[in-house]
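User: I would like to go through some of the aromatic side chains here and ask what the labels attached to them rest on.

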Amino acid sequence: LTAQLSAQAARTAWQDEAKRLENGFVIPEGTGIDDVFSIISAGLDIPVKDLEKAAEDPSSFGLPAEATTLEGFLFPATYTFEPGVSATEVLTRLVDRSLSALDDAGVEPDKRWTTVILASLIQREAGLAPDYPKVARVVLNRLDSELWPSGLLQSDATVAYGTGNTHTVTTTDEERADASNEYNTYVHEGLPPAPISNPGDVAIKA
C-alpha cells in the first residue's frame, strides 16, 4: 500500500494478488528461543504450541547430540514463507540456515556445539561489530587455565539466562552467588551447559 490512498483504493489494493506479499518475520541477533517462537507465530499465524511441539526432538533437525532444544540454532535473519507452511518446515529452514552459517565460517561438525555456545555468549555480551572479536578473545582467554586459573567466565549474560531473563545482561549480587543456576559462570567453571541465544554471522565468525 502507498501513502494517502482512498479507502476504496486501499480495498482494491488488498484484493490485488499481484501486490500481495509473502508471510514473513524478522529475528534479531541474540533473540532467545521463546521470543523466536513468538515472532514466528505473529508473522505466520502459527500457534506457539505448534512450534514447541515441532521442536521437541532437536536430533530430527540434525543438531549435535548435546542439544536438548533448538536454542542457538534458530538463525537470526529476515524470512518469508508461502501461506500454509508448517511449523516443522519453518524451523527446519531456520536450523538449516544456522548450520549453513557454521559451515561458511569453517566450523567442523564436531565443533558446532561448542562454537554455538561461544557465539551465543558473545552475541549477548558484545555491542558494536568491532567488539565481537575482543569479547571472543576474553572468553577464550578465560577458558585457558594458564591465563585464567579460576576457570570462571564471569558472564552476566549467562547468569541472566539461567534466571529466565533473556532480555538483559544485568544481574544482582544474589544471582551471581546462586550455585543452583547451572548457567552461573561466576560459580561454575567453563562454558555454560548450552547456548544462551541465537547468534548471527558476526558472532559465529568472531
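User: Why does Phe 25 count as buried?

Analyst: In this predicted model, Phe 25 has a relative accessibility of 6%, and buried means under 20%, so Phe 25 counts as buried.

User: What makes the pair of Phe 25 and Tyr 79 tilted?

Analyst: The count comes to 5 aromatic pairs. For Phe 25 and Tyr 79 the ring centres are 5.5 Å apart and the planes stand at 35°; centres have to lie within 6.5 Å for a pair, and planes under 30 degrees apart would be stacked while those over 60 would be edge-to-face, so this pair is tilted.

User: Is Tyr 79 buried or exposed, and how do you know?

Analyst: The relative accessible area of Tyr 79 is 4%, and the cut-off for buried is under 20%, so Tyr 79 is buried.

User: What makes the aromatic pair of Tyr 79 and Phe 81 stacked?

Analyst: The angle between the planes of Tyr 79 and Phe 81 is 25°, where stacked requires under 30 degrees, and the centre-to-centre distance is 6.4 Å, against a limit of within 6.5 Å. Both Tyr 79 and Phe 81 are buried, and Phe 25, Tyr 79 and Phe 81 form one aromatic cluster.

User: Which charged end sits over the ring of Phe 81?

Analyst: That of Arg 93 does, 4.5 Å from the ring centre, where the distance has to be within 6 Å.

Note on methods
Residues numbered from 1 in each chain as written. Predicted model: local features only at pLDDT ≥ 70, side-chain atom pairs only at ≥ 80, totals over all residues. Heavy atoms only, no water. Phe/Tyr/Trp six-rings, centres within 6.5 Å; stacked < 30°, edge-to-face > 60°. Buried < 20%, exposed > 50% of the residue type's maximum accessible area, 1.4 Å probe, protein only. Lys NZ or Arg CZ within 6 Å of the ring centre and 35° of its normal.
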